[in-house]
Amino acid sequence: MAMDVVDYEIKGSEMQFVEVELDPGEAAIGEAGSMMFMESGIEMDTVFGDGARQEGGLFGKLLGAGKRLITGESLFTTIYTNQGSGKKRVAFAAPYPGKILPMELSKLGGALICQKDSFLCAARGVSLGIAFQRKLGTGFFGGEGFIMQKLEGDGLAFVHAGGTVVRRELQAGETLLVDTGCVVAYTAGVDFDIQYVGKIKTALFGGEGLFLARLSGPGHVWLQSLPFSRMASRIFAAAPQAGGRSRDEGSLMAGVAGGSLLGGLLGGDDE
């Protein structure tokens, strides 16, 4: 399918959204539940698969849907088509604090491999697929599992990352060690592997886990400072538990109560 060429504008700082401008007849595809608003004249249609295989018959639709199911995404994709006579805009919002990254696939070798749940929206014609990790150990311990998303085509796609994002260009033979959850995306030429931290004490008490992601060039790598899994675990740890207190507060109150009770018992012995 021919790629639609769309204009866009990213707005906001911490909680961003992207406005995609569509000429008459142009369309954008969006992840389920990501649409923020759309102007009158844009028609919304939910399709089976990735939206890039609507002319491929039933087999093509099933193939696109199967790929999305394997990566943990919804079986359906929403297409927003400008059926009006002038330019129209549709906006897609980020699901949590971070940055929206515009990816010109034509300038990235036609393919981009990214973590699950990072895809936000794209111009019609971008294909949403899967990328299998070639090494079994990477699949088990790589943080993102054996399967990652693969965006293909020569159009524009938008990827979301948590916190602050940094882009690194790796030369041939250059290697970067990264926390597995901080890898957002990388181009097809980058070799992704895992590496044991090397010391038992560091693995057990360093707080960084047993393995690090090992990225080797040549190619481009995008890293995020706040993986969603890390943010979710911090929120869960601070959330009120049974009794209306957070875990830390509960531990503190339990310690105070325990100390008072112990002190009372010891004081009673003195009497």
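Buried here means under 20% relative accessible area, with exposed over 50% and partly exposed in between (1.4 Å probe, protein chains only). Strands are DSSP runs of E with at least two residues, numbered from the N terminus. With that in hand, let's look at strand E2 (residues 17–22): six of its six residues are buried, so E2 is largely enclosed by the rest of the structure.

This is a predicted model, where local features need pLDDT of at least 70, side-chain atom pairs count only at pLDDT 80 or more, and totals for chains, interfaces and linings use all residues. Residues are numbered from 1 along each chain as its sequence is written, and side-chain values use heavy atoms, leaving out hydrogens and water.

Phe 17, Glu 19 and Glu 21 point one way from E2, while Val 18, Val 20 and Leu 22 point the other way. Strands E1 and E2 form a hairpin with five residues between them, and Gly 12 in the turn has a positive phi of about 95 degrees. Two strands pair if DSSP finds at least two bridges between them.

| Strand pair | Bridges | Partner residues |
|---|---|---|
| E2 and E7 (residues 88–93) | six bridges | Val 20 and Val 90 |
| E15 and E18 (residues 211–216) | four bridges | Val 178 and Ala 213 |

On confidence, pLDDT (the predictor's confidence in each residue, from 0 to 100) averages 77 for the protein chain, and 67% of the residues score at least 70.
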